[in-house]
Amino acid sequence: MNSTREDGREEEVQTFSASHKSKALVPGSVLFPSPSPSPQGEGIVAGAQASIRDVPRESFLPLPKGEGRGEGEGGENPSSIPELSETPNTHVPEGSRRSTIWTRRNFVQLLAAWSGVLASRTTDRAAETVNARIAKVESFPINYPVVGHFKFFEGRGGRPNGRPAVVIKITADNGAIGWGQSVPTPRWSYETLETVHSTIKRYLAPELIGRDPFDLEGIQSAMSRDIAPSFSTGQPICKAGIDLALFDLTGKLLKQSPAQRWGRTGRDRIPLSWTLNPRSLNEIEDLIAQGRARGYRHFNVKVAPDTKFDLELCRTVKRLVPDGFLWADANGGYDEATALAVAPKLADIGVAVFEQPLPANRLGGYRRLKQQGALPIIMDEGIVSSVELDEFIQFGLLDGVAMKPARCGGLTEARRQVEMVGKAGLMFLGSGLTDPDVSLAASLALYGAYDLKYPAALNGPQFLSESILKRPFQVADGQLAVPKGPGLGVEVDEGKIKPMLIKEV
Ligand SMILES: [Mg+2]
């Protein structure tokens with residue numbers, strides 16, 4: 001199917017078949033062709049078994065474009081995609097159809113890989129010339145008013161109705177400022193506005209003062225010592241806000257956008273998915289009409305635990321939007337038997353992916369859902385650090401990940417995971433935690449630089465009515481522009497923070 005983008009370009013939107021096993025949705029297959037092919041490639045190599053050890057913590061070099069997983073090369077299960085070389089000049093497995101031919105594409109890949117190396121080295125050198133120390137860390141707990149119904153932000157027990165967030169301001173001794181944002185969502189995970197604010201104030205801010213903002217490894221290590229891991233990263237949403245503020249600060253000091261820092265071009269606009277969380281089936285048509293009125297063409301639905309309701313919901317959405325990418329997210333709300341029973345039915349309706357069907361710790365269930373193969377299994381809540389991601393990949397428990405910098409401790413870790421997912425030949429989807437402003441900017445930076453191929457479930461602009469930015473994000477034709485300025489590319493208006501402050505924390 002072809003549709004016309006806002007910039008007038010024709011884009012092809014892939015229509016997915018119902019059956020994952022029989023035909024279809026190939027992990028990594030192209031939903032939106034890149035508007036401008038990245039000279040650095042997608043950073044994706046199909047079929048290789050990723051190991052956390054293969055991804056250096058502080059040396060993310062863009063990988064050459066993975067061959068054999070582009071549009072029209074579908075039909076393969078992730079495990080059956082031929083293994084390809086990580087770099088253009090390394091050994092290609094015997095039997096590969098491209099194993100012995102040094103093509104023009106190989107040459108372009110080599111140039112792309114080296115341009116990434118040069119971009120990183122330039123950044124490293126630039127960082128060495130910047131002499132700055134962290135002088136001040138401030139935390140502002142605020143509340144965004146919510147428009148419409150979304151199950152995660154209902155006010156109960158005296159809590160304010162809205163989207164809580166903590167804005168973080170880090171000031172360097174040379175006066176440079178970096179802004180970050182933590183987006184606790186207590187009905188989604190255990191962090192609250194209060195825990196984020198108090199952890200920053202009492203534990204993390206004192207640790208940061210006097211440190212080199214470029215010493216991310218040292219800072220991450222210190223934060224992990226002070227707030228230790230439990231099963232995974234301790235308080236990742238809180239730490240994400242610090243990571244974002246440091247990224248913004250150092251990017252501004254370097255005068256570089258995220259894509260420039262990473263040596264990537266990616267895409268300028270991110271098509272969005274409209275979230276459907278109806279309380280009754282009668283609401284669906286109106287909710288879809290609201291999304292369409294803003295130019296949205298793709299829809300993600302919240303499902304579980306009522307399968308009768310869920311199937312009717314998906315059937316209705318598919319009938320009203322037959323060509324949209326339909327994405328079902330259970331937020332861990334099914335048990336294994338129910339998930340196994342409903343997955344083939346969702347596939348028959350035309351649902352493209354099945355996100356977090358089971359609670360995060362039901363590993364055996366994930367294995368059996370993968371074995372069933374009715375739909376691609378996408379992880380969200382279950383992947384916080386790259387350690388779990390490595391385990392899930394090694395044990396074959398997933399087909400892809402819905403990335404969220406907010407969930408996994410920030411951009412540093414999220415970027416590492418995007419590269420691991422690509423290297424394993426799995427699907428990289430973009431999602432969020434109803435991110436506002438600075439948090440949204442970070443997600444857009446990552447998804448743009450890494451050329452996201454699916455509509456992003458970034459529903460901050462759908463549900464939130466206020467902004468603390470000088471120039472708030474505007475959805476146009478169902479898409480958001482990736483900010484291009486230094487740091488995270490957005491400017492915070494401090495005057496807008498004050499009226500949104502929560503005083504009793
Ligand atoms: Mg989710």
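Student: What do the buried residues of α2 pack against?
Tutor: They pack against β3 (134–144), β4, β5, α3 (216–226) and α4. Helices (H or I, at least four residues) and strands (E, at least two) are DSSP runs, numbered from the N terminus. A residue is buried if 20 or more other C-beta atoms lie within 10 Å of its own, exposed if 12 or fewer, and partly exposed in between, with C-beta atoms placed from the backbone.
Student: Before we go on, what sort of model is this?
Tutor: The model is predicted: local features need pLDDT of at least 70, side-chain atom pairs count only at pLDDT 80 or more, and totals for chains, interfaces and linings use all residues. Residues are numbered from 1 along each chain as its sequence is written.
Student: Back to α2. Which of its residues are buried?
Tutor: Leu-193, Val-196, His-197, Thr-199, Ile-200, Leu-204 and Leu-208.
Student: Where does α2 bend?
Tutor: At Ile-200, by about 45°. The bend is the angle between axes fitted to the seven residues ending at a residue and the seven starting there. Just after α2, Gly-210 has a positive phi of about 90°.
Student: Why does Thr-185 count as buried?
Tutor: Because it has 20 C-beta neighbours inside 10 Å. Beyond its neighbours within four places in sequence, Thr-185 is in contact with Phe-152 and Leu-433; contact puts two C-beta atoms, placed from the backbone, within 7 Å.
Student: How do β4 and β5 pair?
Tutor: Strand β4 (residues 163–172) pairs with β5 in the antiparallel sense, over six bridges. Pairing requires at least two DSSP bridges between the strands. Thr-171 has Ile-177 in β5 as its bridge partner. The two strands form a hairpin with four residues between them, and Gly-175 in the turn has a positive phi of about 95°.
Student: Is β5 mostly covered or exposed?
Tutor: Mostly covered, with five of its six residues buried.
Student: New topic. How many residues are in the largest nonpolar core?
Tutor: It has 119 residues, and Leu-446 is one of those with the most contacts inside it. Helix α4 (residues 236–254) gives the most to this core, with 10 residues. A nonpolar core is a set of buried Ala, Val, Leu, Ile, Met, Phe, Trp, Tyr and Cys residues joined through C-beta atoms within 7 Å.
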